[in-house]
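Thanks for coming. I will walk through one structure this morning, starting with the inside and then going on to helices and loops.

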Amino acid sequence: MPTRRQSFFSRLAGILLVIPFVFPQTLVAQDPLPVADGSKLESVSFTRDILPIFRKKCLACHNQSDKEGELVLESVATIRKGGDSGPAIVAGKPDASLLFVLARHADEPIMPPEDNDVGASNLTPDELARLRRWIELGAEEGKSTAEAKMDWRAIPEGPHPIFALAVAPNGRYLVASRGNRLTLYHLGARQRWTDLSDPALVRSGLYEKRPPAHLDYVQSVAFHPTRPIVASGGYRTIKIWQRVEPSGQIVAPAGGAPVLQADAARDTDVAVVLRGDGTVSWYRSGSTKSFAMWKADQALLALLSVSPDGTQIAVATKENRVEVRGTDGKIQGSRAFSEPVHAIALVDSKTLVVGLGDRVVVLANQPDHNKEGNQQSTSADKEGKKQSSQSVPPWPVVGELREGKGPVSALEPMAGQPTSVVAGGEDGMVRVWDVRAKKVMRRVSTGKPIRALAVSGDGKRMVVVHGDGLAGLWDLPTGKRIADWKVDPDWELELDRVRWKAELAKLRVNGANQDVKAAENRLKGEETNAKKASEEQKQASEALAKQKEALEKARKAFEQAKQKQQAAQEALQQEEKKLESVLAELKKVTEEIERLKKEKADTAEVQKRRSDLAKQEQAVRAKIGQLKSEHQKATAAVKPVRQELDKAEAAVKTAQTNLQSAERTAQRAAELVQRAKQELAEAKKVSEQLEAARRQADEARQAKEKTASPTMTFVAASFSRGGRFALTVSGDGRLYLWDAVTGAGLERAETGSAKVASLTCFGSQAILVGTSDGELKRWPLVPQWKLVQTIGDVTDAGSLADRVTALAFSPDGRLLASGSGDPSRSGQLRIWEWESGKLEKEIPEPHSDMVLDVAFSHDGQFIASSGADRFVKVFDVHSGKHVRSYEGHTSHVLGVAFSADDRLLASASADQSAKMWDARTGEQKRTIGGFKKEVTDIGFQGLTTNVLLAAGDPAVQLRRSDNGGVLRTFPGVSDYVYVVSSDRRGKRIAAAGHQSVVWVWSDDGKAWASFPYAGETLDSKK
């Protein structure tokens, strides 16, 4: 999971304003304000000199949130961009810059306006002079000398809350911040490992003995995905820390006599080196120069033992003599034997134990040390008298300890037990002898011949190196084997990383295959829908044709009915006209009769005419009645035909509408089929690409599994002071540091020599390694971490805005994303090529408030950010373009994370909830609630979709992303938790918060370790 951390600190923003920079078409000249002489200003900084003016008199209206006239005066970039009237400044030409012209009141609208709502005053002559000079000098960002002279105060030591924490992807390290300090922990050793300190901060004068990592609080940290590298974020700075590959400090160069053996005193910081030419050199852990050196007068064997106080050594000669000498080389005691000496151990200044064949011989420098022992060792005494030519009396044999078969090959005194010695033999047995009681106190069967052994200072642990070069860790009191060191721990970590990549690739392929199957099903469904739509279109077309045919019949019927109606009407009209003609003639005849009557003329003829006309009228009227009846019938017959025609027309319209709808549906269905085909093709393409990547990852896994671990053939072993760590060295030059409690591999260093012959720890932090070609080097016990890159500057607001609250490395480790911003004003999201410190990509206006967390997708294509503006957003890494926003939280979004397959996006918020989103569509899938305080951090556990949550309740929980169910609540948390992190597999989970304690659990919920505040100095008992 992505590893990093943020903490949001509220701040007050700018206070006063000017009116919007929306310039009218016509500017009216005003009496300009006076401008002081600024020509002597050699440099003007925007941050130092100009921004304070704007904060006081402009930014209330011209800020990122309130863009009056679309003008923002918070940065040089936004000022150059300008507002609705274009750029506000013309670099080098203040009188052509509207910003200066209006601020000077040389044109309208004047800035600030009279009687403005907040009482902002006009710019003073000095302020105008600074503004003019800044524009004259090019209107650049500039560095603020005032910022450089900020009144920094030392952050006191103490149990500060932990705002930033990260577990290394491989689970080896953990880093946590307390105030402005960074502490690195080794999870294998379960202890504080080193402090990340910037020595340059000593120059600040605030810190002398132990400089911190940053001047200000560290609010974000992130581990590199593959290398021992940590990024940390402070005020306007990002620092990159790297584990330095250990390099030994040359004590003696190659080319001299071979180093046969080296041994260190248990109780002091003295080590002694024996060379093949008989030279013996004495060293202290803090120096590369020997403080004593002498050369033996006879050839010595590769057998050396140093007394606990570092003032004496015991050596063996090729003539089977053992000698005890001081730093001056003078013999203080000796003993000669008639058989080869296989091992020696100088228990103290009075007791020397020698391994001879199948027995252990105890020598003492007091003749009467053990009279009984002297009497029992008469034969050895005689041998000593015969062979000794020294002026000092030989140390008498005070006891012979015999058990088992085969030579005693290794001897080690037991610290704190002056009468005990540990003996290892070629019979594979380890025996703890009480040299005074002459009895075995403990036996341990290792199963193979023993070449060398080392015993921890507390006598609890033992490293056994066998004749075949393999080694292991044993619990000496119980005789139980703790660990067999057969596999290189660094190789194991790399193998696990390669396997994890293969598993991740497989997971992504499975998802892609599901997408292909879904696309195939979608295409099948769309094709079915298209076929159905095509059939419905055909049916609609056929239905329309039928309706049109019916309409044509109805139309013909209607026309025929109308013709009949028309014919009846015309016939009726003709009869009615005929009637009118008859009636008119009848009227005339009637009038003629009346006239004839008045004239008393004969009316008979006229009367006959009237009678004929009356009959004709009667006949016409009868005909009209008949025609009216026929017309009524014809008219009545038109109505149902008209209705049928209307129905037919309506049916045609409906059929046309249905056909058009069917055509649109068919067209849409065909388009959806094409889209489904495209989606299927794209899904198959992605699947093929991911499958190729999976095959490549799987091939890398198989190749790594087939490649044997580096040869673990050890030649020597030792323990650190106090016995906390065990060390072994292989003949081909690899130096290994092991945890003496669990046997876990901690660190590895390459000595660069394939001729390593000896190893010993001396002092608290030094390792002495000698080679057969004469080289002698002193190595640090714990590899150092140092600052290798700094991005940004506390005096420069241009590179990083305010505190860096979020950091994340890209999956390939090449890029580093940083989140920061000006509180309540703007967010900043930048992507760096961290090794060079080059800005790779600027994401424009990512958030309107501080960016609080960032996370790369596992394929490296996208970056997600969350902010105090309540949004989660995703951007394209390569183009920087905004891809999608995820809206739903009602308060600051404090954490964001991608699932391993990049299908889910998780967010944690101060609104006391976490949300699960479909990363590809933006759909909100689940809200996880039930918290009483802020949910401060979130991350997915390994390759699963389960999420780790931290909250202020306090709580650290593992929850299901699909239904929000609690899978595990991690115990021991007792105060507000700010951050949670885990390794790439989710095996080690760590959290921290207000209590200044780092809690670490295993994935089964059991407590693994806890690291409370440990004070100023690092525990040196290693």
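How many residues does the largest nonpolar core have, and which of them have the most contacts inside it? Before I answer, note that this is a predicted model. The largest nonpolar core has 33 residues. Those with the most contacts inside that core are Val-175, Trp-193, Phe-223 and Ile-767. Take Ile-767 and leave aside residues up to four places away in sequence: it touches, among others, Leu-727, Leu-735, Leu-759, Phe-762, Trp-779 and Leu-781. Thr-760, Lys-777 and Arg-778 are also among the residues that Ile-767 touches.

Now the helices. Helix 1 covers residues 46–57, and helix 4 covers residues 125–136. Their axes come within 10 Å and cross at roughly 130 degrees. Angles over 145 degrees count as roughly antiparallel and 65 to 115 as roughly perpendicular, and helix 1 and helix 4 are therefore oblique to each other. The crossing of helix 1 past helix 4 is left-handed. On the helix 1 side, the contact is made by Phe-46, Asp-49, Ile-50, Ile-53, Phe-54, Lys-56 and Lys-57. On the helix 4 side, Glu-127, Arg-130, Leu-131 and Trp-134 take part. Sorted by class, that contact has 6 nonpolar residues, 5 charged ones and no polar ones.

Is helix 1 mostly covered or mostly open? Mostly covered: 9 of its 12 residues are buried. Among the buried residues of helix 1 are Phe-46, Ile-50, Ile-53 and Phe-54, and also Arg-48, Asp-49 and Lys-57.

The next pair is helix 8, residues 489–599, and helix 9, residues 604–706. They pack at an angle of about 170 degrees, and their axes are 1 Å apart. With that angle over 145 degrees, helix 8 and helix 9 are therefore roughly antiparallel to each other. The contact between helix 8 and helix 9 has 60 nonpolar, 17 polar and 41 charged residues.

On to the loops. Most residues other than glycine have a negative phi, and most peptide bonds are trans. Where are the exceptions? The peptide bond from Glu-108 to Pro-109 is cis, with omega near 0 degrees. Pro-109 sits in the loop between helix 3 and helix 4. Pro-113 is in the loop between helix 3 and helix 4 too, and Pro-113 is buried, with a relative accessible area of 18%. A cis peptide bond also joins Asp-953 and Pro-954, where omega is about 5 degrees. Pro-954 belongs to the loop between strand 50 and strand 51.

As for phi, Arg-190 is not a glycine but has a positive value of about 55 degrees. Arg-190 is in the loop between strand 3 and strand 4, and is partly exposed at 35% relative accessible area. Asn-320, also not a glycine, has a positive phi of about 65 degrees. Asn-320 is found in the loop between strand 14 and strand 15. Its relative accessibility is 18%, so Asn-320 counts as buried.

Last, a strand residue. Ser-409 lies in strand 21 and is buried, with a relative accessible area of 16%. Among the residues that Ser-409 touches are His-342, Ala-343, Glu-426 and Ile-450.

Definitions and conventions. Residues numbered from 1 in each chain as written. Predicted model: local features only at pLDDT ≥ 70, side-chain atom pairs only at ≥ 80, totals over all residues. Heavy atoms only, no water. Axes fitted to C-alpha atoms, helices over the stretch in contact; angles between N-to-C directions. Helix = DSSP H or I, 4+ residues; strand = E, 2+ residues; numbered from the N terminus. Parallel < 35°, antiparallel > 145°, perpendicular 65-115°, else oblique. Left-handed = near helix turned anticlockwise from the far one by under 90°. Contact = heavy atoms within 4.5 Å. Nonpolar A, V, L, I, M, F, W, Y, C, P; charged D, E, K, R; others polar. Core = buried A, V, L, I, M, F, W, Y, C linked by side-chain atoms within 4.5 Å. Buried < 20%, exposed > 50% of the residue type's maximum accessible area, 1.4 Å probe, protein only.
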